[in-house]
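Please look through the sequence and the model shown here before reading on.

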Amino acid sequence: MARSDSASPLVPEVATVDPRRLERLRRVGYLLDNSIPIPGTRYRLGIDSLIGLVPGLGDIIGGVLSLYIIAQSARLGAPRNLLLRMGWNVAIDTLIGEVPILGDLFDIGYKPNLRNLALLEAYLRRPAELERSTTRLAILLGAGLLLLTLGAIAVAVVFLRFLDGLLKHGLLR
C-alpha cells in the first residue's frame with residue numbers, strides 16, 4: 001500500500017489525500033468552467049470561456065490555466081494514462097476553441113476542467129477500475145487517431161489526383 005507521507009512516489013490512498021487540496025482544485029475547476037451564469041438560461045460558463053473570446057491566444061491561455069489541475073493531479077499520484085486522458089480533454093477544448101464562434105459555443109458545454117476533476121476523484125475512489133477503463137480509452141483513441149490520419153492522407157491523395165487530372169486536360173491553369 002502507499003505510504004502516508006506526501007513525498008511518496010506511490011499512489012496515495014484516498015484517506016491520505018489532503019481534502020483541502022481537492023477542495024482547492026474543485027474551486028479552480030469551478031472558476032475556470034462554471035462560475036458565471038448566463039442570464040435567462042440554465043447554462044454557465046467560466047473564466048476559460050471568457051478568455052477564449054480573445055482571438056488567437058485566448059484559448060491557448062485557457063489551456064495553459066487548465067494545466068494546473070493536471071499538474072496537481074500528478075502531484076496527488078495520478079497515473080500517466082489518467083494524466084494523458086486529462087491532457088486530451090484540455091487539448092480538445094483548446095483546439096476546438098480556436099474555431100471562431102463554434103469554438104466559443106463548444107467551450108460553454110465541454111468543461112474540460114470539471115471533466116478532469118471527475119476523472120481524478122473517480123481515480124482516488126477506485127484506482128484499479130479507472131486505470132483499466134483509461135487504458136481501453138487510450139487504445140481506442142490511438143486507433144481512432146490512426147484511422148483519421150489514414151483518412152486524411154487518402155483524401156489528400158484523391159484530391160491531388162483530381163487536380164492532376166484537371167491540369168492534364170487543360171481545365172485548370
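## Terms and model

A residue counts as buried when its relative accessible area is under 20%, as exposed when that area is over 50%, and as partly exposed in between, with a 1.4 Å probe and protein chains only. This is a predicted model, in which local features need pLDDT of at least 70 and side-chain atom pairs count only at pLDDT 80 or more, whereas totals for chains, interfaces and linings use all residues. Residues are numbered from 1 along each chain as its sequence is written, and side-chain values use heavy atoms, with hydrogens and water left out.

Helices (H or I, at least four residues) and strands (E, at least two) are DSSP runs, numbered from the N terminus. Contact means heavy atoms within 4.5 Å.

Helix α5 covers residues 102-110, and its buried residues are Gly 103, Asp 104, Asp 107, Ile 108 and Tyr 110. The cover over these buried residues includes β2 (44-45), α2, α3, α4 and α6. After α5 comes Lys 111, which has a positive phi near 55 degrees.

The whole structure holds 1 aromatic pair, where rings of Phe, Tyr and Trp (its six-membered ring) pair if their centres lie within 6.5 Å, and planes under 30 degrees apart count as stacked, over 60 as edge-to-face and the rest as tilted. The partners are Phe 106 and Tyr 110, which are stacked at 4.8 Å centre to centre with 20 degrees between the planes. Because they are 4 residues apart in helix α5, about one helical turn separates them. Tyr 110 is buried, at 12% relative accessibility, while Phe 106 is partly exposed, at 24%.

Ser 49 belongs to helix α2 (residues 47-51) and is buried, with a relative accessible area of 9%. Leaving out residues up to four places away in sequence, Ser 49 touches Leu 32, Asp 107 and Ile 108.

Two packed helices are described by the angle between their axes and the distance between the axes. Axes are lines fitted to C-alpha atoms, for helices over the stretch in contact, and angles run from 0 to 180 degrees between N-to-C directions; those under 35 degrees count as roughly parallel, over 145 as roughly antiparallel, 65 to 115 as roughly perpendicular and the rest as oblique. Helix α3 (residues 58-75) packs against helix α4 (residues 80-97) at about 170 degrees, with the axes 9 Å apart, and the two are therefore roughly antiparallel.

The axes of α4 and α6 also cross at roughly 170 degrees and come within 9 Å, so α4 is roughly antiparallel to α6. Residues in this contact include Met 86 and Val 90 of α4 and Asn 116 and Leu 120 of α6.

## The nonpolar core

A nonpolar core is a set of buried Ala, Val, Leu, Ile, Met, Phe, Trp, Tyr and Cys residues joined through side-chain atoms within 4.5 Å. The largest one has 15 residues, and among those touching the most other members are Leu 22, Met 86 and Leu 120. At least two residues come from each of α1 (19-33), α3, α4 and α6 (112-125), with α6 giving the most, 5 residues.

Beyond its neighbours within four places in sequence, Met 86 is in contact with Ile 69, Ile 70, Ser 73, Asn 116, Leu 119 and Leu 120.
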